Amino acid sequence: MPRLKILSKEVSLTEKVPRGAMLLDILRTAGHEMYTPCGGQGTCGKCRVYVRDRGYVTSCLFPVMEDMEIVLPEPSEASIMAEQYAHTRQLPADPGPSARLSAHPYGVAVDLGTTSLVFHFVNLMTGALVETRAILNPQAKYGADVISRINYCVLNPQGARILQQEIINTVNAELLRFAGNAGTGKTDVVRICFTGNTTMLHILLGVDPGPIAYVPFTPAFTEEKILRAADLDLECHPGGEVKILPSLSAYIGSDIVAGIASLKPSTAHKNYLFLDLGTNGEMALCTPDRIYCCSSAAGPAFEGANIEHGMGAAEGAIMSYDGPGRFRIIGDTRPTGICGSGLIDLVAWLLAGGRISGDGYMAGDFIIATAAESATGQAICLTPKDVREVQLAKSAVASGINILLSHAGLSADQIDALYLAGGFGNYIRPANAASIGLIPRELCARAMPAGNTSGTGALLSLRSVSFDGILEEILSRMKNLELSDHPDFVMQFAMNMEFHT
Ligand code: FES
C-alpha cells in the first residue's frame, strides 16, 4: 500500500492508503473538507491539490499508485477558488471535429504569459481537466518584459526564431511528459488552444514582433489563427488543430480578450472593471455597449522586478504585511523577499504611520525582516528607490483607470464590480491597494478575485467551440485606447504619482 503524506497549515500526517484509490476520496475519508462544485466529475478543476515533484493534480481524477507528498490549499485559498468559480462562465463540452482524430482524444489549453506558462490538460471525451501545470517561461533569460524580448528579436537576426524555439521546445517537453504520465500516445493530443499577450503569440508563430514596440504599434496580426500541429512541429497528432485566440491590439492580447470572455458577471453588474496586473497593467471597463481597454506601462514592479528585495509570488515571498514581525510568507519557510501583495501592504502601512510622505519621501531603508529572520542571512528591506518604483507603477494603473472612466462617461462610484485577474489579484488587499492609490477607494468593497482568466479562457475554448461566438461578441464591443499618446495621460500620470494620505 502506498504511503501518503498530507501537509497542510494545521497538520502533517502520513498514512497508508489502498493502491489506486482516488486522492479526493482519501482526503475526504481523512476528514478534509474539499471544494468540489462539479461533484467530482473532473470538469471544474477546483479540487486540485499540489503533489510534490509533480505539480497540481485534479484530486477527483487522480489515483494514488505510489508514495507521495501532497500539500493541501489553505482554507483562505480554497475560499478564493470558490469565489473564482462563481465568476467563471460554464459551457457545454463540445471540442469540435478534431476530437475525432483519436479514440481517446486529449487537448491542451496553454496560457503563454510573459513570466509563466500555464498548461491545462483535458480529456476531450469527458471534458475532465486531468492536470494543470505552471512553469516559468524559458524566454525570461532574454528579458523580464515584452519590450526586452522584442528588442532581442529586433537586434538579433535570428532572435524571433530563437525565442520561438524556446517556447516550442517547452510545449513539446510538456506534451511528452503528459503522454508519458497519462499512459497515452502522443498522437492522442489532438487540439491545442493558446492565449497570451500579442508579443508572445507573434513569437509563438515565429512572426517578427518588432512593430509592436514602435509607433503606431501595429502588430502583424490580431485575428484568430488556426493551424495544424505539424506546422509548428508540435509533439502531438500532426493533424491536430492548433488555435491561437484573437487579440485586439498590440497591448491587448488574447489573454485579455479571452479573460473577459471567460467571466460570468453577476446580472447586477452593469458596469464593471477588469484589471490584470501582470508584467504589464491591462484593464478594461465593460459597459453594456462598449468595452474600453488600455494597457498601462506599469512595469513589472508588482512582480518584484526593479524592487531591491522584490520577487514573484513564490515560496519564501512575504505576501502580506501588518507591521514589524507581522507578515505572512508563502510556504513553510523563512522569507527571501517580498512579492507584489506584500509590497502594497507594506507601503500602505508605512503611509498610514507617516513614514512615507504624500510625495513618496522616505528617510532611509526600512527593514522588513532582519538578517537573522531571513532565509538569505541578509536583511530584507524597502529602499526609497523601491517606493519610487511603486509610485510609478501605481500611477500608471490609476491613470489608465481614470482615462477609461472618462471615456465611458462614468465615475468610480458607478462601477458595480472590480474583477482582479491573475494570481496577484488573489492576494491583494483591496483596502491597501486603495490606500496607495492603485485602485479607486469606491471599489474596495466591490473587488473580487477572478483567477487566471487567460488560462480559463484558453480552457473554455479548448472544451467548447461555442466559446468562439462569445469571443466574437466581446471583440465587437472592445475599443482600444492608446495611453502613450492620449492627451490626458501626462497630466494624469503626474497627479497620480502623489500618495493621498
Ligand atoms: S471536483 Fe470538480 S474537478 Fe474535481
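This briefing describes one sheet and one pair of helices.

The structure is a predicted model, in which local features need pLDDT of at least 70, side-chain atom pairs count only at pLDDT 80 or more, and totals for chains, interfaces and linings use all residues. Residues are numbered from 1 along each chain as its sequence is written. Helices (H or I, at least four residues) and strands (E, at least two) are DSSP runs, numbered from the N terminus.

**The sheet**

- Six strands form an open sheet in the order β21-β20-β12-β13-β14-β22, with mixed pairing; two strands pair if DSSP finds at least two bridges between them.
- At the edges lie β21 (447–451) and β22 (478–480), each of which pairs on one side only.
- From one strand to the next, the twist averages 25°.
- Strand β12 (residues 272–277) runs parallel to strand β20 (residues 417–421), and 5 bridges join them.
- Leu275 has Leu420 in β20 as its bridge partner.

**The helix pair**

- Helix α8 (residues 384–408) and helix α13 (residues 489–496) have axes that come within 8 Å and cross at roughly 130°; axes are lines fitted to C-alpha atoms, for helices over the stretch in contact, and angles run from 0 to 180 degrees between N-to-C directions.
- The two helices, α8 and α13, are therefore oblique to each other (angles under 35 degrees count as roughly parallel, over 145 as roughly antiparallel, 65 to 115 as roughly perpendicular and the rest as oblique).
- Ser395, Ala396, Ala398, Ser399, Asn402 and Ile403 in α8 meet Phe489, Gln492, Phe493 and Asn496 in α13; contact requires C-beta atoms, placed from the backbone, to lie within 7 Å.

Terms used. Contact = placed C-beta atoms within 7 Å.
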